[in-house]
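Okay, hi everyone, thanks for making time. I've got one structure to walk you through, so let me put it on the screen.

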Amino acid sequence: MCYHVYKSIKPPPPIPLPENVSEICPRIKLNDGRYLAYRELGFPKDKAKNKIIIIHGYGSSKLVDLKITQEMIDEFEIYFLLFDRAGYGESDAHPSRTIKTDTYDIEELADKLQIGPKFHVLGMSLGAYPVYGCLKYIPHRLSGATLVAPLLNFWWSRMPQNLLSAALKKLPIENQWTFRVAHYLPWLLYWWLTQKWFSPFNLNPLSTMTERDIELADKHTKHSYIKESALRQGEYVSMHRDIIASFENWEFDPTELLNPFSDGNEGSVHIWCALEDKQILREALLYICDKLPWIKLHQVPEAGHLIIHEKQHFEDIIKTACS
């Protein structure tokens, strides 16, 4: 009996990658021995004026589709670096991934690929949490930062509790309980997400997405490559670890961040808020930007959580990042 309980709670190890994985896609070896898989797009990095590291969202990968024209890439001389976060795609899992380890993975990736002393980081949805980490731990490496429909950690220490409670209650009750388990009982999350008694997430897509979000998800985030590539090492080391890293106790609160460009260095920080977003409470983002007026808030009407996949909006986001 005890063995079966233990087995149901203990997460499985990563599904091994093929031995020739480094021949399949580019990877770099980190100082701790892990490998990160990456993808480069756009202008040559040694000539690019703008160098942007894209941080993919929950359940996605370096293969995320960037809705941008070659003409715009050439006009703004943009080099894009995309990578699989630890445990996703062809990047080795980190046994105890956190916001800090993800942040230093980004810095080391940039250094190994020699993209230069400064770069812009752009994170989307849950994948925006490493952007907060970059602003906290490596602000001196940033030429700018962009958070698109960024997650809210409902246990940030200095945000008003009533605001965080309202943000949590915006979500379906099933999702709320899953995030509570991730925060208070992370060792139980694998069992919680794999048990068959009840659903850990609300299965009605309209509970968290607009109809336009659903259309965009069908086009961009539900392709077979999600299962075949993004989650090839298993859901625990990718998506489950994402949830834990997002909702555990952080060492800082976003409202404590310091302006990385206050000493005259060029650069800017942006948050993009979709006004029809069913997952992110607008008032919480307003509060952060009110406390940190150096962050520029962009409110987009008639847009939902997957704003990043709308060509016009994505181009606006990139133009702003490059300005």
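I'll go through some aromatic rings, then a pocket, then one asparagine. Keep in mind that this is a predicted model.

So, aromatics. Searching the whole structure turns up 17 aromatic pairs. Take F154 and W155: the ring centres are 5.9 Å apart and the planes sit at 80°, so that pair is edge-to-face. F154 also pairs with F247, with centres 5.5 Å apart and planes at 5°, so this one counts as stacked. F154 is in the loop between β6 and α6, while F247 is in helix α11, so the pair ties together parts 93 residues apart in sequence. What about burial? F154 has 6% relative accessibility, so it's buried. F247, at 3%, counts as buried too, and so does W155 at 17%, since the cut-off is under 20%.

Elsewhere, Y104, Y132, Y137, W156, W250 and F252 make up one aromatic cluster. And R180 lies over the face of W177, 4.8 Å from the ring centre.

Next, the second largest pocket, with a volume of about 320 Å³. Its lining has 15 residues, and N50, S143, A321, C322 and S323 are the ones nearest the centre. Which strand gives the most to that lining? It's β3, with three residues. By class, the lining has seven polar, four nonpolar and four charged residues.

Last, N265, in the loop between α11 and β7. It's at 34% relative accessibility, so we call it partly exposed. Leaving aside neighbours within four places in sequence, N265 is in contact with K118 and P260.

Technical notes
Residues numbered from 1 in each chain as written. Predicted model: local features only at pLDDT ≥ 70, side-chain atom pairs only at ≥ 80, totals over all residues. Heavy atoms only, no water. Helix = DSSP H or I, 4+ residues; strand = E, 2+ residues; numbered from the N terminus. Buried < 20%, exposed > 50% of the residue type's maximum accessible area, 1.4 Å probe, protein only. Contact = heavy atoms within 4.5 Å. 1 Å grid on protein atoms, 1.4 Å probe; cavity = no way out; pocket = protein on both sides within 12 Å on 5 of 7 lines; lining within 4 Å. Points joined across faces, edges and corners; volume = space filled by probe spheres on them. Nonpolar A, V, L, I, M, F, W, Y, C, P; charged D, E, K, R; others polar. Phe/Tyr/Trp six-rings, centres within 6.5 Å; stacked < 30°, edge-to-face > 60°. Lys NZ or Arg CZ within 6 Å of the ring centre and 35° of its normal.
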